[in-house]
Amino acid sequence: METQTIAGNKSSLKLGKWMSFALLMLSFHLGQAQKETSRNWLIAEFNKGVDFNQIGEWRKEQQLQTFQKIDALPEQVKSAFLKRAEQANTYVWPSLPASLYLDYKHTGTRTNYEQLQSERRRKLSNLVIGELIERKGRFIPQLVNGLWLVLEESTWVAPAHIVVQKEGADLPNPEEGYIDLNAGRTAVTVAMIYHLLAPELGAYSKVINKRILSELDKRIFQPYMKYNHFWWMGFKGNAVNNWNAWVNTNCMHTALLAMQSPDSLNRFTEKIMRSTDNFLNQYPLDGGCDEGPGYWGEAGGKLIRLLTLLNSATKGQLNWEDKPLIHEMGNYIYKMHIADDYMVNFADATARSTPDFESIYQFGTLFNDSVLKQFAAFQFKQEHQELPSGDVTDFVQSVAIYADLLKIPAIAAYPKVSLLPQLQVLTMRSETGSSKGMFVAIKGGNNAESHNHNDIGNFIIYMDGKPAIIDVGVGTYTSKTFSKQRYELWNLQSQWHNCPVINGIPQSDGKKYAAKDFTYSHERDQESLHLDLAAAYPENAEVKQWKRKLDFYPAKESLTLTESYQLKKFQQASVLNFMTAVPVQQSPGELTFGRTGLALKYDPSKFEVKIVEKLLDDQRLKNSWGEKVYRVELRLKSKSLKDQVVLKFYKK
């Protein structure tokens, strides 16, 4: 028998006053990954003598290659993009008034402003892509209308992110420069337009290109070089997450396309490297993303774009191929794939999503990994082999690999067992290389992970690629999502995950509330994982030990769940909870989960069964599960302080 035990992480971080405030207001950034300051791989590579004196030549090469790739697209693909551009050509650009920006301050609603802002950028990208395809100037006037509106916006920072200014949630203070996710995304869109269409823009207006460069300098280049206190930079010794990779990648891409001085570009890149090292230094060696697969595309997925861009712009002077951690960051995403567009959705993730095929392909290219390349082609097929249309930068990056993806077999990996020991996530399936049969995923970790849900010991079960026991996932973001009231949201609480309520008490949030003794073992016909959940609960749960053991029998398509517990005292009956999105049929000692093929056998002498129906009023959750979900409650009848109960999930 092979056994692997993973100890808990005991590291701690001290935050300055400003950083404490920022992380309080954006609590999902409190993920505490193990920090290994000795890596610093990016700056080490950069310090070998990289410079950008030939950046002008690289830009010309990129322009030529982009136009060649666009010209080579099938006519039906180009026709579809032109139709979108024609629709955008008559679009009436919406206003973004101050009152809409202030919605977040007064009502906690962030979507009203963000949706209109995003719509502006989508329509602008539609016009740009149409012009790149046709190159007749037909879309330039409307394109400049949209571009000018973007350049005229008082800020590119989202209302939910401006909270870090001294005034907090309000209109943006013009005396404080800040760069957030939205600012980074907007900047690279503007830079890409300048990079590919500067002559056409200049022919239409002598001022527009000057304005582009001025705004990029004011909103991105100057504040990036001036400030070190932006929490996502990581220069204060704090934890960082996808913001670091995402913002740094977009800022670097913007600079590569539009920064005018090679010396300035060298200095800018050096700081980008130091900041991004803070992201890599904290990443677990197993490559696991504690934010879940829903944010992988903005974490590891953006890191690989950064590395790919730098490799290209420096003509291969930078080397990452000898860094297995970076390879594992790419492998993580196929390990979290269940079937079709279903993903393991721990943390702030939705059950149904399609990981970014461009990112997966670039990981496969960097490490010459055919499994990743084929998985990229699989995800591309999930997207009906359509190129992104709402973001011109994503379009340009994807069109560069379009022809290659069409030639690669679209094959998902479907590994039988994937263990991420530092992240404390295990996935298992009954058939290697297939989505058929039973799939199980379980997590340990702690309750201060980035985008955390209180879900230590949570597990999910899929049957033949369809959900049976589920993680409800994340709802639509509001001001409450990233505040002190985060865990008032029902779908973030442990009792709405597949976790016990012990002595009437659910899990608590915080780094100290963590799994202990996360141990995986393998025998010939059995995969096993056990962990102790007791430390995930507060003192008033009066629990000394709660060992959860899952024994998976692939050949039998069955999972045995054993709960061995010891209480300090009895307060009220403990409950085992199981979430599902299908109606549950009851018979003595057995529950059947709709038509999924999954059944649960239990001892009726030990449990009282109750099924709670939860109507969903959040569209994001409805998109995954429909109108309702169900919580199966197995309430322990025994008042014993020490006991063991066994449940069996099996294919019926």
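Leaving aside its neighbours within four places in sequence, with which residues is threonine 254 in contact? Contact here means heavy atoms within 4.5 Å. The residues are Ala187, Val188, Ala191, Leu216, Phe221 and Met259.

This is a predicted model, in which local features need pLDDT of at least 70 and side-chain atom pairs count only at pLDDT 80 or more, while totals for chains, interfaces and linings use all residues. Residues are numbered from 1 along each chain as its sequence is written, and side-chain values use heavy atoms, with hydrogens and water left out.

**First stop: threonine 254**

Select helix H11, residues 242-258, in which threonine 254 is found. Helices (H or I, at least four residues) and strands (E, at least two) are DSSP runs, numbered from the N terminus. Threonine 254 is buried, with a relative accessible area of 0%; buried means under 20% (1.4 Å probe, protein chains only). Next, display valine 188, whose backbone nitrogen lies 3.2 Å from a polar atom of the threonine 254 side chain.

**Second stop: an open sheet**

Select the 4 strands ordered S10-S16-S21-S20, an open sheet with antiparallel pairing. S10 (500-501) and S20 (607-615) stand at the edges with a single partner strand each, so one side of each has no neighbour in the sheet. Two strands pair if DSSP finds at least two bridges between them. Between S16 (residues 575-580) and S21 (residues 628-636) there are 6 bridges; threonine 580 has tyrosine 630 as its bridge partner in S21.

Select S22 (residues 642-651), which pairs with S15 (residues 558-567) over 9 antiparallel bridges. Here glutamine 566 stands opposite lysine 642. S19 (residues 598-601) also pairs with S22 in the antiparallel sense, over 4 bridges, and alanine 599 stands opposite tyrosine 650.

Notes:
Buried means under 20% relative accessible area, exposed over 50%, partly exposed in between (1.4 Å probe, protein chains only). A polar contact is a pair of N or O atoms within 3.5 Å; within protein, one must be able to donate a hydrogen and the other to accept it, and residues adjacent in sequence count only if both atoms are side-chain atoms.
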